[in-house]
Structures are given as C-alpha cells and as structure tokens.
Amino acid sequence: MRSLRAFLVRLCNAFGTTSDAELSEELESHLQLHIDDNLRAGMTPRQARREALMKLGGVEQAKEAYRDRRGLPWLETTWQDLRYTARTLSMRPGFVIAAVLTAALGIGATTAVFSVVDRVLFRSLPYPEADRIVSFGVKAPFEGLEFMLAPEYAVLQAQQNPFESMTSLAPGGTDCDITEQNPVRLNCAVVESTFLSTFTIHPVIGRDFVEEDGRPGAPQVALISYGLWRSRFGRDPKVVGRELSVNAKPLEIIGVLPANFEMPNLAKVDMLFPQVLDQASLDRNNPRILLRAIARLKPGVTVPEAIAQLQPWFRDSLRFVPAPFRAEVSLRVRSLRDRQTGDSRVGAWVLLGAVIAVLLLACVNVANLLLVRAASRRRELAVRAALGASRARLIRQALTESLLLAIAGGVAGWGLAYLLLRVFLAIAPEGMVRLEQASLDFRVLLFCSGASLLAGVLFGVVTALNKPTAEWLVGRSSNTPRRGWLRQGLVAAQIAFSLILLAGAGMLLRTLWNLQNVPTGLDAQNVVAAQISLAEHRYPNTTKQLAFFQELETKLGRLPGGGVLALSDTLPPSGGMQATFFASIEVPGRPRPSQGTGGMVGWRMVTPNYFQALGIPIVQGRGFTEADRAPSEQPVILSESLASRLFPGEEPCGKTIRFTAFDRQGPWRTVVGVARNVKNTGLIAEADPEFYIPWKDDLETYIGRGFVIFRSALTEASIVSWTRSQIAEIDPTVPVEFSSMSTRVEKLAARPRFNAVLLSTFAAMGVVLAALGIYGVVSFYVSQRTKEIGVRMALGASTAGISRMVLISMATSTVIGAILGLAGTWFGARLMESLLFGVPPHEHRLLLAVLAVLLLVVLLAAWVPARRASKVDPMVALRYE
Amino acid sequence: MGDKADVWQGTLALMVLKTLEAMGPLHGYGIARRIEQTSGDLLSVNYGTLYPALLKLEQEGHIDSEWGVSDNNRKAKFYKLTRAGKKQLDRETRDWRQTQEILAKFLGAREQTS
C-alpha cells in the first residue's frame, strides 16, 4: 500500500512541474544551520562556512539523487527519448512519410485481404465441431455438385455407415409466399427432420422437427428464421403454435431458428419445411427425387476412411445406374467448407499470397530505410556515446524511434485497411463466398503491425548494437559501407517479389483480356432480357402458365418503336439450360451407343424470333416460323457442333431425331436448320452442343420461369418501365428481373476481373515499393562514395563512367532477384492454373515483358542517383565529409 | 538501486523515524546532527542520501513536512512523524530487535561450537 502511494506521488511528480527550487532552499537552510552551529562552536566565519560546505558534500549529487527519488527516472527518460525522436524525425519528414506510408501499405493491404479470405480459408463454420461435417453423394456428368437419389439415401441410412448422423435437403430453395395479410415472398427450403440435430443446432424457441413431421399426411409445420421472427412477428414468443397461410395452405409454426443459423449451401432462407417422402419415391428402380446429403462423421473418422466404408453401399447402388453410364459416376465425400467455397479457394490463396508479397516488400523497404538512416547517424551516435550515453541508452533510443514509426504505420494501415475493405466490397462480383461477412480482423492487424515492427526494430537497432568507435566521430566512412551485402540482399528480395507480383498480375490480365474477347456467338448489343418467375400457388398447372406467357407475348409484341421480341425458357451464355445425354438422342437406323453418356447436350424452347433477337446466325436451313408452333409440327434446330457430331459429313437438314426428356420419349423431330454455336456454360468452358425446339402453347411440361428478350434501339430504362407496366396489367404480383445482355455477358468475367484488378493493384504497389527501395539504396551508395567519386573524376573519369559504376553496383542483386523471381513465378503460375484461361503455362513473351518492365524500373530508380553522382563537382566531393 | 543502498536506506529510515519520535518536529540538519550525536559520532550521515530518504518517507506518508523557523530564527523545513509513521516505527523496531536477537543467537552459537 505504502509503496503504491509512493509510486502514485512519484508518477504525479514525473508529469508535474515541481521545481528544484524547494530543494535548493532546503539545502541552503541546512547549510546556514550548520554554519550557525560552527560559529557557535567558535570557528571563524570563513572556517565555519568551509567546514559546512565540506560536510554537505556535492550539492549537485545530492540534488541528482533527490530528483531520481522524486519522480520516476525511467518514465522521464522514455519521455525524453520520445521528445528527442519526435524532434529528429520532424527534421526528416521525407523519411518519416516514406517509412509510415510503406508500413501502412503493407499493413493495410494485408489486413483487408486477410479479412476477406479468412472466412473462405480459415474461419470454421458456425456449427459445433464443424470439421466433422461433410457433404457426400455421387458425382455424375449432368450435375456439378454431389447428390443422392432418395431411395439410395434411405438404403444407406438404414445400414452401417461412417456417420454419427446424416441428413438431407432438397436441392435449391423454393419460392414461397405468405398468402394472408401483408403477403410477402419468402425463401424456403425443404429439409429432412434430422437436419438441425446433425448440425447440433437448437431452435431458440419452440421445437425441432421430429420424424413424424416427415410422414406423408402429417400436419404441415415449419420452422421460421430469426429474421422473419423479428421482422414479421416482432420477436413474439407466442409465435410457436401459430397458424400461417403459406402458398394458400395453412401450416403451423413450431419453432424459431437461431440468429446465426446458416444453410449448408449458404442460401438465404426464411422458412424450413420438413421433407415428406412417400413409399413411391423410395422405389430403387424408379428414383425420382434428388437430394443433397450432409452428414456428421463419427468422431475420429477421416474423410478417406468414410469413403472406404461407403464403398459397399456405393457398389450396390451402382446396380441401379444404367450400365453404359456407370463408369462416369463416382463417389464423393468432402468437408462442407470445401463444398461451400469450391473454386473460390484458389483465388483466395492467390490474393493472400500476393498481399503477403506486398507485406514482405513493405517490411524490406522499412528495414532498408532504417538501415540507411542508422548508417547515416553513426556520427551522431558516436557523439552521444562520447558525451556519456550508455549503449543501453542508445539502443533504447533506436528502439523508441522504430516503435514510434511502427505505431504510426499501424494506425495509418488500419485506416487504409478500412478503406480497402470498403472498396473490395464495392467491386466484388456476386458469388464471392461469404464476402458480406468480412470484417476487419484485429488479430491480423496486430500480426501485420508486428511484422513491420519487427523489421523496423531488427534493422533500426542493428547500428546501435555496434559499439560506436572514435573513428565514427570523424564521420568519414570512405571505406565500403559495412553490411553492403545486406542492402544488396534486400534489393534482390524486392526485385524477386515484385517480379512474381507483376507476372501474376500479367497472367490474370491476359486471362481477362482473353475472356472479354471470347466469341460468345451472339450479339449482345441493344438486347435487354427480363426474367420472369411464376409462383407455383398462383400458376399451379401448365395451362395457366402457358396462358400467362401467351398473353405476355401478345401484349409485349406491341412494343412502341418496334424491335424484335422473343421468349425462351433459358438464356445463354451462363449455364442453367435443360439438358440430356448425348447418348439419349436417337437417330433412325443407327444403334444407340452402349458405352458412356456421350456428355451433355443442352436444349431450349424458343419462339421464332429468338435467333434474330440474340443475333445468332442460322448457317444452314432455316429458322423457326410461326407455323412451326402448330401442334402438328415437330421441328428442331441443331447447333453446329451437335449437327457435325450427329451427322458427320452429311446434310443434317431433313434428318429426323428423337430424344428423351423428363423420362418421356419425345416425338420424332425433323431437323430444319443449323445455328451457329453459342457459349452456353460460361465463358471459359467449351460450349456444350445444343438444340432448339419451338415454344408452343400446348406444352405439357412445367414452365414456371421464362425470359423475354428484346432487341430494340430504345434505351434500357424505357424498355424496363414499359415492360413492367405491361406485365403488371396481366398480374402485378409476378416478379421480373431485368438486365441488359451485355451486362449478363460482362458478369461472367466479373470474378476474373476482380482477381485481375486486385492483383494488378498489388503488383503496382509492389513495383512502387521496389522502386523506392532501390532508389534509397543507390542514393545511399552514392552519398557514401561521394568522396571516392570526386577522386575518380579528378583523375579523369567521365560522367558516363561514373553512372556506369553506380549502375553496375546494382547488377548482381538485380540478376539474383530476377532469377529468384522467375523461380517464384513458376510456382505461382502452377498455383494459379485454374484461374487462368488461354494463358500458356510458361508464357515466355509475358515473362519477358514483365522482366523488361522491371529492369526499366530498376534502371530508372538507380539512374536518378547515379546521374546525381556524375554531376558531382570534384572539388566539393573531395571536401565532402 | 542496488541492495546495499536499500539496506542502508532502510536503516537510515528507521533512525530518522526514531529521531523524530524522540525529538518531535525537526529539520533535516537537526535530524542528521542528532543521528550523528546519538551514534557517538560513529556514523556520518551523507546528505545525498538523507534528503532522498526523507522524500521517500514523505511519499510513503510516514512523515510530513512544513516550513517553519528554527530556534536561531532560520527558515527551515521541519519534518514530523505521522500516525502511520509511528506505526511503521513500532513495526520496524520490532523487526530490528528480532533480527538482532536471531543474529546474536546465531553468532553466539558459532562461538560455542568453534
């Protein structure tokens, strides 16, 4: 207690303004009292004073000891160091700005990028023991993600399996509408009753689904999301047991999901329904229902073990796959995170790698700056040492300076990270997994600040560690600066890192350029498309759906200003069209292949104007006509690739084919024309062969979604508003989504563009940092050798010769850096392979260009100080100290 | 601060407290003289140590200081014992006695065995 009190008093004194005056006064009175005593003892005044002074001893030492006791000496020294640092730094604003900005760039960029990729790469999913949760199923050519057929799933559930618990959900969400007061459209999902328990999630109120909820004929129940509970029911706890009319049918709310609940497929969800499977859907010979299966592995079971344990079941279920297709079906078990992030991972790793390179570059630069600074301060250090500063004190001073810079860099970096993250979020394409959840991460900020701090401290203290020698006092460091190899190494590292960054950015830009010049096969100019989806409860059957589209076509056909209007069920160039196996297409008089599916063939239903509206040329035969829409007509138009595959070397027009869709044998169709190939599975993938059939008014298939396509000289805005009003006249509840065709095409390149923009930014940062670093090193080299240069010039060296000498000093490190950089690029290119398109793995021209750019930067950065050196006046240089 | 200074300071603090208890309020010079006299001039108080020691005692709240006038009309800073200081003195005296006893026993025992 007492010592705490003393500490506080001293702390106050340390910051207070207590002067030495009081002590002086006290010592003075002490002296006087002593003299009085001595006088009383019979000494002469002079003797008395002398004796008293001798007894008192060194007044200054007494004061010193007293001062130390009064305040907190270490605090005062620190304060002194800080003030001194601030003073010396403010004399070198250029140095400070360079160091702080460099550190801020590294810290800011790394923190922002890490905050984005953390969720993709590292953060665990919001479920307890999420690493045991896997997605499993079979992988087949017609479906990108693993899936399960309902009967096979039921068989596995009933037998021995590697899972503690398994569950399933219907693929994709379904639209559903609350059909009572305040109608609203929701996102709903259908899940098995074991869904929440597999994830170990409990409803916040109410109960979980039970097996009975999934029995056919059970009363309709639903779990609602926390968001819906809040927005529609105002967090009313009595919501459990409430009846709600959804899709015009009553159901009972049995519980509320937790606020942080998220679907394994990351879909937005407002309401969960239990899955109802009747006996018919569990018939192994006639599977009709497709499921996404999720399971929790038993503790200690790994994914490969699970795959091994699933083999007997998988072999058994293969019996129900048509023999020709078996070879193309495989079993897949993978962690849920892998399923969620999929191809985002590579991109995330590349961004992280790039930004770490930037961080390293920044650290190298900070180190470089401090090293140069330290070397130029040797004389000052020597002076301070000569005046009595201890080595510890000198090191402390250097540390204070590094820390001050690192803190300033950290603060600036934090601001930059905040800005960058906003920018990322603004320019990020759709489908970047979990981007909306990204938030600045303090751990990363600390880590990055730590890294730059370490670099600063390490290099800032290096010089102080050396015992200042008397030689430094002279300030002549005419001999080669020590630790020259260290600086050269730093330059090599900078060149290597920026080469890797530049090459990576170059490859991504090349990819982007290639993507944007991919011929899509259609003319996207002046085309606007509207996507229309009909709610199932309002349009329960095909008749009603077709009636809607019929009316729509008539109404929209009166587009003011003219133009071309077409309808189709799907739209290129993104995927999502209907598809069948190539092997399922029959040609009369030709045996069907006995092996394999032959890959996928897509097909669309289109109105006759489709080809004209999208600018797809008909290369052979004719397009569809209105007459083709009559019930009796069964024409088909093939894409070039399908035509050449079905009828190699033959005239396809007039031939007949038949294909199977929805398990039903279609009618025989006559080929009337061949259309130019169109990209239909994204920009990168090879286009699938496809065919077109006319959009008829007597179809039996469900057609709840469709596209309206306009080719018109009108502006997009006027088309949108006019179409909206026309559709609202038919049915105001139908949601319509507009986008211009060029936007749709652009969107496909959005992810590569995002990657390219980010990486290019980092590469630019890297090159600037490297240039600054090289400039700094060469400048230092020149200033260290000013005298030597003077001598050389006095002896007759030409200015060109001097420039050459300076440039050559950088040659070794440049070559080493370039070699390391090329090696790094080689590894980087392999990592990035899946992000590239149309870029050969060892793109020599690109690498040469990058090398050339970098060499140019190096030359420029070195040339400025080299030129300055060659302009030196020999007389000045010789006197230079 | 090294250990030696602490020991010395500790002892000095005890002497200061005892002096103030015996003499009442007193100035630094007086304290020093009194300690020297009591020790029979065996001790010489270094003022470089005395004043920091007084400051430490004051910071810890064991003594209080006030400017006043001495017997021979000199302005001087007078120190006086606080209640906390009195307690501290009692405690330190006890501790010191104990230490002394232990040391005495220890030294005595050594003499007997040797």
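Reader: On what conventions does the description rest?

Author: The model is predicted, so local features need pLDDT of at least 70 and side-chain atom pairs count only at pLDDT 80 or more, while totals for chains, interfaces and linings use all residues. Residues are numbered from 1 along each chain as its sequence is written, and chains are lettered from A and ligands numbered from 1 in the order in which they are written.

Reader: Which residues touch the most other members of the largest nonpolar core?

Author: In soluble globular proteins, nonpolar side chains tend to be buried together. A nonpolar core is a set of buried Ala, Val, Leu, Ile, Met, Phe, Trp, Tyr and Cys residues joined through C-beta atoms within 7 Å. Here the largest has 95 residues, and Val358(A), Phe762(A) and Val778(A) touch the most other members. Helix H12 (residues 344-376) of chain A gives the most, 20 residues; helices are DSSP runs (H or I, at least four residues), numbered from the N terminus.

Reader: Why does Val358(A) count as buried?

Author: A residue is buried if 20 or more other C-beta atoms lie within 10 Å of its own, exposed if 12 or fewer, and partly exposed in between, with C-beta atoms placed from the backbone. Val358(A) counts as buried because it has 25 C-beta neighbours inside 10 Å. Val358(A) and Phe762(A) are 404 residues apart in sequence, yet 6.6 Å apart in space, C-alpha to C-alpha.

Reader: How many residues does each chain give to the contact?

Author: Two residues are in contact if their C-beta atoms, placed from the backbone, lie within 7 Å. Chain A gives 22 residues and chain B gives 20. On the side of chain A that touches chain B, H2(A) gives the most, with eight residues.

Terms used:
Helices (H or I, at least four residues) and strands (E, at least two) are DSSP runs, numbered from the N terminus.
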